[in-house]
Amino acid sequence: MSPHLTFNLYSDVHQLLAYQFMVNALQAAGIVAVTAAAVGWFMVVRAETFAGHTLSMMSFPGAAAAALAGLPLAWGYFAFCGVGALLIAGSSRRGRPRSLSRQSAVVGMVGAGALAVGYLLLSLYGGVLESLETLLFGSILGVTRGEVLTLAIVGVCAIAFLAIVGRPLFFASVDRSLAAAGGVPVGVLSVAFLFVLGLAVAATAQITGVLLVFALLLAPAAIARELTPRVGLGLALSVLLGLVIAWVGLGLSYFTNDPAGFFVTSIALALFVAARLVRSL
Amino acid sequence: MGFFGNALLAGSCIAVASGLIGYFVVLRVQVFAGDALSHVAFTGALAAAAAGLDLRVGLFAATVAVALALGIAGGARGAGAQADDATIGMVFVWVLGLGVLFLDIFNTGASGANGTIAARTLFGSIFSLTAGEAQLAALIGVALAVALLAIARPLLLASIDAPLALARGVPVRALGLVFLGLLGLDAAEATQAVGALLLLGLLAAPAGTALRLTANPYRGLALSALIALLAMWVGLALADLVGTVPPGSAVILVAIAGYCGVSLWDGARVDGARGVRSAAVDTIER
């Protein structure tokens with residue numbers, strides 16, 4: 001019996017959970033959505049959207065390198081994003097003033113370069129045709145129990161980090177110099193946050209694919225920021241929205257047989273536009 | 001001419017056009033527009049594929065339409081006004097999501113689907129161009145280069161000192177629109193060579209390198225085209241010699257290696273774009 005959407009929510013959920021692969025996918029997406037939404041909220045507050053974008057590009061060569069080396073893909077994602085985050089932190093800390101046009105040229109090169117290396121590694125691996133679309137745009141099939149467990153551990157660590165340093169981190173994000181004067185170690189915090197951002201991006205990329213990370217990392221946070229300036233409420237709203245985007249997107253993909261990436265990004269944009277409209281009323 | 005000759009012909013013309021246009025893209029800080037066009041190129045090509053049309057129809061239609069829309073929207077909001085990061089990120093990711101839908105429609109369609117279309121549109125497939133396609137690509141590349149050179153002088157002035165250009169009677173807004181149109185055409189062209197995801201590298205790397213080497217805008221323009229051409233040749237040769245290396249990746253990595261080499265060699269001695277502003281005004285005044 002092929003699944004079909006009904007107006008009976010109970011029956012829909014029952015059909016969704018009928019197969020183990022779908023249960024795995026929903027669990028993984030849920031874990032990733034919560035982690036990405038919470039980390040993403042701080043990313044938006046700290047105006048580090050660009051770092052998130054660069055890190056998501058870096059996860060592609062990471063996964064390809066792991067495939068080439070015969071290691072689990074997750075190792076590649078986490079290793080490249082973690083190291084990439086530290087590199088970004090290092091290069092921005094030196095803080096030599098650069099001209100706007102050179103900076104933008106470098107931005108273009110870093111993104112294109114990371115994707116070029118990833119594609120090169122994937123070609124050397126020889127598995128281009130099967131894995132390229134999965135790496136770039138995600139796949140809800142084939143999430144194993146082990147992967148769900150890995151994602152859960154990383155997610156718990158990221159959330160724990162935010163829970164512990166959330167208050168000083170927010171302080172440092174809003175007014176860096178005042179926080180520094182108040183004894184907050186702003187330098188260490190910003191490096192640590194970039195590292196956690198790297199982990200969150202790596203986890204998200206495994207579910208949404210490298211190119212669609214922003215649907216879960218940026219969208220919930222951006223929508224929440226449109227709706228409320230409050231910290232606790234904003235974070236909670238962001239997490240809730242992340243779960244809605246991820247699960248409804250996966251569910252629609254399951255029932256319609258169209259790719260999850262399309263639904264996830266479309267729901268994200270629709271909610272964002274709606275939030276904009278609500279705010280401008 | 002074999003497949004390599006076709007690739008060389010098309011690639012050379014595309015490289016020169018991208019080098020020239022890329023110089024202005026970097027000088028005018030419009031890398032963002034290039035990024036937008038790369039996303040749209042992917043979705044446009046796959047929309048055409050899903051509809052059973054030639055990929056190039058979708059490529060050119062989508063990139064030129066979006067380039068002009070960007071120009072008009074930018075003009076309407078006043079110079080320098082740009083949407084915020086969040087909006088840009090959301091729209092870009094949605095465009096890619098739409099592309100995924102078209103990809104799926106194409107792959108499940110009955111029209112002789114093959115698994116390589118995503119790789120071809122995202123990372124280029126210059127070695128699979130036929131002679132006719134290569135000649136057309138070369139023709140468009142040359143036309144783009146000529147068109148850009150024709151407007152290079154006023155465009156340069158408009159890019160570095162818009163008020164002065166306006167005072168001199170240069171139609172700054174119209175020029176900006178024409179330039180974005182050229183950029184759109186070039187993005188569609190370059191997608192065939194290095195793919196939608198990598199075309200930003202072909203625009204940014206040679207231009208960035210040239211800006212580090214010289215502050216003279218005309219020399220920089222020539223240098224940017226030359227570097228792009230060299231990167232294309234070396235990249236294509238590498239890809240041809242080592243069969244598993246994809247040509248798109250090879251070209252972009254050579255171009256970026258060139259930028260890194262120049263950065264290490266001259267340190268921060270020349271800061272092109274800043275120098276260009278003063279040097280260019282002198283050059284044009286003369």
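Which residues in α2(B) meet which residues in α9(B)? The close-ups below start there; keep in mind that this is a predicted model.

**View 1. Where α2(B) meets α9(B).** From α2(B) come V31(B), G34(B), D35(B) and S38(B), and they meet L199(B), L200(B), L203(B) and A204(B) of α9(B). Sorted by class, that contact holds 5 nonpolar residues, 2 polar ones and 1 charged one.

**View 2. How the axes of α2(B) and α9(B) cross.** These two axes come within 9 Å, with a crossing angle of roughly 160 degrees. Angles over 145 degrees count as roughly antiparallel, so α2(B) is roughly antiparallel to α9(B). As for handedness, α2(B) passes α9(B) in a right-handed crossing.

**View 3. Chain B by itself, built from helices.** Here you'll find 12 helices and 0 strands. Follow chain B along its sequence and you read one α after another: α-α-α-α-α-α-α-α-α-α-α-α. Chain B has 286 residues, and 56% of them count as buried. Take the contacts in chain B between residues at least 6 apart in sequence: 79% of these join residues at least 24 apart.

**View 4. The side of chain B that touches chain A.** In this view, 45 residues of chain B are in contact with 44 residues of chain A. Several helices of chain B each supply at least two residues to this side, among them α1 (3-27), α2 (31-50), α9 (199-213) and α12 (272-285). The largest share comes from α4(B), with 13 residues. Split by class, the chain B side has 31 nonpolar, 10 polar and 4 charged residues.

**View 5. Over in chain A, helix α2 alongside helix α7.** Helix α2 of chain A covers residues 20-45, and helix α7 of chain A covers residues 145-174. Their axes come within 9 Å and cross at roughly 20 degrees. Angles under 35 degrees count as roughly parallel, and α2(A) and α7(A) are therefore roughly parallel to each other. Their crossing is left-handed.

**View 6. A look at the residues between α2(A) and α7(A).** On the α2(A) side, the contact includes N24(A), Q27(A), A28(A), I31(A), V32(A), A38(A) and F42(A). On the α7(A) side, look for residues including R145(A), E147(A), L151(A), G155(A), I159(A), L162(A) and F170(A). Counted by class, this contact has 16 nonpolar, 5 polar and 2 charged residues.

Technical notes:
Residues are numbered from 1 along each chain as its sequence is written. Chains are lettered from A and ligands numbered from 1 in the order in which they are written. This is a predicted model: local features need pLDDT of at least 70, side-chain atom pairs count only at pLDDT 80 or more; totals for chains, interfaces and linings use all residues. Axes are lines fitted to C-alpha atoms, for helices over the stretch in contact, and angles run from 0 to 180 degrees between N-to-C directions. Helices (H or I, at least four residues) and strands (E, at least two) are DSSP runs, numbered from the N terminus. Angles under 35 degrees count as roughly parallel, over 145 as roughly antiparallel, 65 to 115 as roughly perpendicular and the rest as oblique. A crossing is left-handed if the near helix is turned anticlockwise from the far one by less than a right angle, and right-handed if clockwise. Two residues are in contact if their C-beta atoms, placed from the backbone, lie within 7 Å. Ala, Val, Leu, Ile, Met, Phe, Trp, Tyr, Cys and Pro count as nonpolar, Asp, Glu, Lys and Arg as charged, and the others, Gly among them, as polar. A residue is buried if 20 or more other C-beta atoms lie within 10 Å of its own, exposed if 12 or fewer, and partly exposed in between; C-beta atoms are placed from the backbone.
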